[in-house]
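Here is a short note for a colleague opening this model for the first time. Please read the points with the structure in view.

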Amino acid sequence: MTGVRPPKLQPGDTLAFYSPSSPATAFAPNRTRRAVKFLESKGYRVVAGDLTGHNDHYRSGSIQARADELNALIRNPDVRCIMSTIGGANSSSLLPYIDYEAIRKDPKIFIGYSDVTAILLGIYAQTGLTTFYGPALTASFGELPPLVDDTFASFQSLTHVIQPSVTYSPPSHWSEEFVDWETQDRPKSLLVNQWQWLGEGTHCGRLIGGNLNTMSAIWGSPYMPSIKQGDVLLIEDSLKDIATVERLFALLKINGVFDKVSAVLLGKHELFKDGGTGRTPLTVLQEVLAGQPLPIVNGFDSCHTHPMLTVPIGCQVEVCFDTQRVSLKEPAVQ
């Protein structure tokens with residue numbers, strides 16, 4: 001399948017948001033409003049999906065209603081970017097009902113993270129369109145400065161400018177502090193940031209991946225892109241216990257993924273539950289690898305922590321361990 005790039009965003013373009021799983025606009029209306037105002041202040045026309053404010057317990061609406069909300073935005077020629085409000089657990093239910101033909105006819109930017117990995121990978125697998133693992137409306141742009149500003153800067157650099165090469169650098173600070181979304185009135189506490197480089201040489205390949213727990217729900221389906229030799233694999237998770245993380249890493253091991261990929265970008269794991277072991281997701285991964293050589297960048301900031309870097313699924317990236325650089329080697333938009 002030939003890769004397709006969506007058109008870059010222009011000043012004043014329409015950005016629409018939708019709720020494919022968890023009803024964030026219902027349980028976090030204040031944070032959602034703050035996010036909308038933030039993006040409007042950046043010059044966007046922001047349009048709400050039909051399920052905004054709706055709440056069907058653990059989800060925003062029925063499977064059909066959620067698919068209809070997304071398809072209405074896909075078919076709207078004025079909408080140039082479609083952003084999820086948050087993740088959840090059930091975005092994969094929409095995959096058989098998405099209008100992929102409409103996406104082929106009118107490519108646009110699709111962006112989100114976490115459970116929305118299913119939709120991003122599904123669209124890429126079905127259409128060849130580059131999608132973006134990056135911020136979600138309520139979860140990301142409802143955050144306060146300075147973290148929200150760093151998240152927006154990365155989003156803007158990837159979606160507004162046709163750049164032949166982009167180098168990713170660790171944000172100076174990051175946070176995983178839990179603060180109640182509806183009462184938050186102060187910036188989160190900051191930690192000094194760094195990435196850990198475990199490997200050598202330079203590795204080039206197609207960027208693929210996202211939230212690993214979500215990928216496990218679509219594994220082996222037509223909506224999960226096949227892992228190719230030389231791919232660079234992005235994997236991250238949030239709020240998981242150590243037993244679940246071991247199981248997820250073992251999924252990749254027993255399916256031969258680590259035999260194919262040239263490098264792994266391991267995202268920070270928000271509020272990891274180590275079960276009293278003192279271990280980290282990295283040490284769990286190393287145990288699963290059992291000595292198998294695999295270059296790893298540990299602590300990559302395209303994940304559930306703040307700020308979040310935006311990365312394009314399906315584009316070629318270069319990971320150089322000697323110079324400690326992660327670089328996008330082709331434009332993500334056209």
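The points below cover one tyrosine, a surface patch and the salt bridges.

1. Basis. This is a predicted model, in which local features need pLDDT of at least 70, side-chain atom pairs count only at pLDDT 80 or more, and totals for chains, interfaces and linings use all residues. Residues are numbered from 1 along each chain as its sequence is written, and side-chain values use heavy atoms, with hydrogens and water left out.

2. Tyr168. Look for Tyr168 in strand β6 (residues 166–168); strands are DSSP runs of E, at least two residues, and helices are runs of H or I, at least four, numbered from the N terminus. Tyr168 has a relative accessible area of 6%, so Tyr168 is buried. Buried means under 20%, exposed over 50%, and partly exposed in between, with a 1.4 Å probe and protein chains only.

3. Surroundings of Tyr168. Tyr168 touches several residues, among them Leu158, Trp195, Phe300, Thr310 and Leu328, leaving aside residues up to four places away in sequence. Touching here means heavy atoms within 4.5 Å. Leu328 is 160 residues from Tyr168 in sequence, yet the C-alpha atoms are 7.9 Å apart. The Tyr168 side chain also reaches the backbone oxygen of Thr310 at 2.8 Å.

4. Surface patch. Phe178, Leu239 and Leu271 make a nonpolar surface patch of about 320 Å². Patch residues have over 30% relative accessible area and no salt bridge; like charges are joined within 9 Å, and nonpolar side chains (Val, Leu, Ile, Met, Phe, Trp, Tyr) within 5 Å. Areas come from the Shrake-Rupley method with a 1.4 Å probe; for residues, only the protein chains shown count as cover. Phe178 sits in the loop between β7 (173–174) and β8 (191–192). Phe178 counts as exposed because its relative accessibility is 68%.

5. Salt bridges. How many salt bridges does the structure hold? There are 12. Each is a side-chain nitrogen of Lys or Arg within 4 Å of a carboxyl oxygen of Asp or Glu. One joins Arg31 and Glu143 at 3.0 Å, N to O. This pair links distant parts of the chain, 112 residues apart: Arg31 is in helix α2 (residues 29–41), Glu143 in the loop between α6 (137–141) and α7 (147–159). Both Arg31 and Glu143 are buried.

6. A second link. Asp301 and Lys268 form a salt bridge, with the closest N and O atoms 2.8 Å apart. Asp301 lies in the loop between β13 (296–300) and β14 (311–313), and Lys268 in the loop between β12 (263–267) and α11 (281–289), so the pair ties together parts 33 residues apart in sequence. Asp301 and Lys268 are both buried.

Note on methods:
A polar contact is a pair of N or O atoms within 3.5 Å; within protein, one must be able to donate a hydrogen and the other to accept it, and residues adjacent in sequence count only if both atoms are side-chain atoms.
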